[in-house]
Amino acid sequence: MAEQKEKNKKFLYESLAEEIRLKISQKVFRPGEKLPSVREMHKTMNKSITTVSKAYVLLESRGLIIARDRSGYYVRAKNYFRMKRPEKSQSNLSPKLIRRSGIVEEVLDSLGDESKVQLGVAYISPRLFPFSQYTKILKNLTQKEVRKAIVFDKPAGLLKLRQQISLKYMGLVNNIGPDDIVITNGCTEALVICLMAFLKKGDTVAIEVPSFYGIFTMLENMGALVLEIPTCPEHGVDYDALKKAVESKEIKCCILNSNFHNPLGSLMSDSKKQKIVRLLNKHGIPLIEDDIYSELYYEKQRPLPLKHFDAADLVITCSSFSKTLAPGLRVGWVIPGNKFKKEILKIKSGMSITTSTLDQYILAKFIETGLYDKHLRRFRNILRKQLHLVVKAIDKYFPKGIRMVIPKGGFLLWIQLPKGVNSVELYRNLLPEDIVILPGPVCSSSEGFEDYIRLSCGSLFDETMENALKTIGHHIKISMKNR
Ligand SMILES: Cc1ncc(COP(=O)(O)O)c(C=O)c1O
């Protein structure tokens, strides 16, 4: 009954969104024009405030309208096509070794170069991190605290930090406490430890493609076989393809990034998360969840982790402070669950004994004084604005025919280029202009995605960034002429 009601509600906001979309295409609402406020729409259309708000959010995610701070929703000056759902035929259900040309190394090599406009790496400008507060914490450390912070702690990590992290998961993960957390050197080590727990050379792992490029390097190093599961910017991983894969192949574990996926920016619905966890639980397949972007949400609350739906203790959550607070401190964590905790701790201690105590101590202080939450509130707001400024510049400078979905969190934009424009060529043409973008093939285990680029909106939007976007648009137009 409740489920049916929920379905009807969904139908209402979707059909309202469709009505508004029609009005936009008929130019009743013109490009650049302000849309009626949620309240006005609620009165004139006789729909609830929630229905109108959801319809606007849906249209925004489809790139048809844009929210401006304290001003309301506007019809986007240039409308984008929605990205297509992955085609079923793309789902190639044969596990294969990762096969990548030198493009990944080439791109990674240009990433740290400060003389270039860095739109390629999932980088956040240091100016957006609260370094004055760090300095204050560091300056105020007492001798006694420093003495404690320069000695070894347990492999699981500093209790003080584990306590703070477990508090952040209250209500998201059942009965979580400090003993359910293992601190790691960033999310990278967290993921490597989990992969080592489940995979031997030649084993098969199911993974969304495209995905974060680092994960392919980890799997390549391990000699694992990958089974590529298609995924899309609007809905996340293709459930049917995943089901087919787990029912027909021997899969040792699955890796998913359900909240603000890298590179797609997609956010999976709760019902889909539940369905996926149920499926993997039923087949006894461990699920490694990469949850690194979840705190960067632009809607009301943090999306649920997949672990929330885990009835069989088979989901392991990995995350870090790299995207929210301090990538250089290299502090992350694993929530291994009871089943795998011993194994995860064993691998962690064999790998690096423990994580830097001083770094953990600083982070614990940062969180317990309330500075972290305060910083996050401000940070989310800034990133959301940055994202919209980049989208506005794309509206202005990129040619017609690109496709993208505006994410509801994170700071990455996955963009499909007009037909015939090659992203690796575009990347190479932009290097002499001192601009770095991420070409799509970097995010795949076997190249492909030549017509996609990923842009990061984590640098401060200024004249240099706007000019860089203008130059990218110009080069796309040149490639279109030459195709
Ligand atoms: C999805 C995803 N997972 C993991 C990482 C690596 O995180 P860390 O820097 O904490 O090792 C990144 C970094 O870009 C990422 O985007």
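1. The buried residues of H14 pack against strand S1 (65-68), helix H13 (357-368), strand S14 (412-416), strand S17 (452-456) and helix H16 (463-482). Contact is taken as C-beta atoms, placed from the backbone, within 7 Å. Helices (H or I, at least four residues) and strands (E, at least two) are DSSP runs, numbered from the N terminus.

2. This is a predicted model: local features need pLDDT of at least 70, side-chain atom pairs count only at pLDDT 80 or more, and totals for chains, interfaces and linings use all residues. Residues are numbered from 1 along each chain as its sequence is written.

3. H14 (residues 371-397) has 27 residues and spans 38 Å from its first C-alpha to its last, close to the expected 39 Å, which is 1.5 Å times one less than its number of residues. Its buried residues include Tyr372, Phe379, Arg384 and Ile394. Buried means 20 or more other C-beta atoms within 10 Å of a residue's own, exposed 12 or fewer, and partly exposed in between, with C-beta atoms placed from the backbone.

4. The ligand has 14 residues around it, of which Gly186, Cys187, Thr188, Ser320 and Ser322 come nearest; a residue is near if its C-beta atom, placed from the backbone, lies within 6 Å. Helix H8 (residues 186-198) gives the largest share of this shell, three residues.

5. Lys243 belongs to helix H10 (residues 239-248). It counts as partly exposed because it has 16 C-beta neighbours inside 10 Å. Between Lys243 and Ile276, 33 residues apart in sequence, the C-alpha to C-alpha distance is 8.5 Å.

How values were computed:
Contact = placed C-beta atoms within 7 Å.
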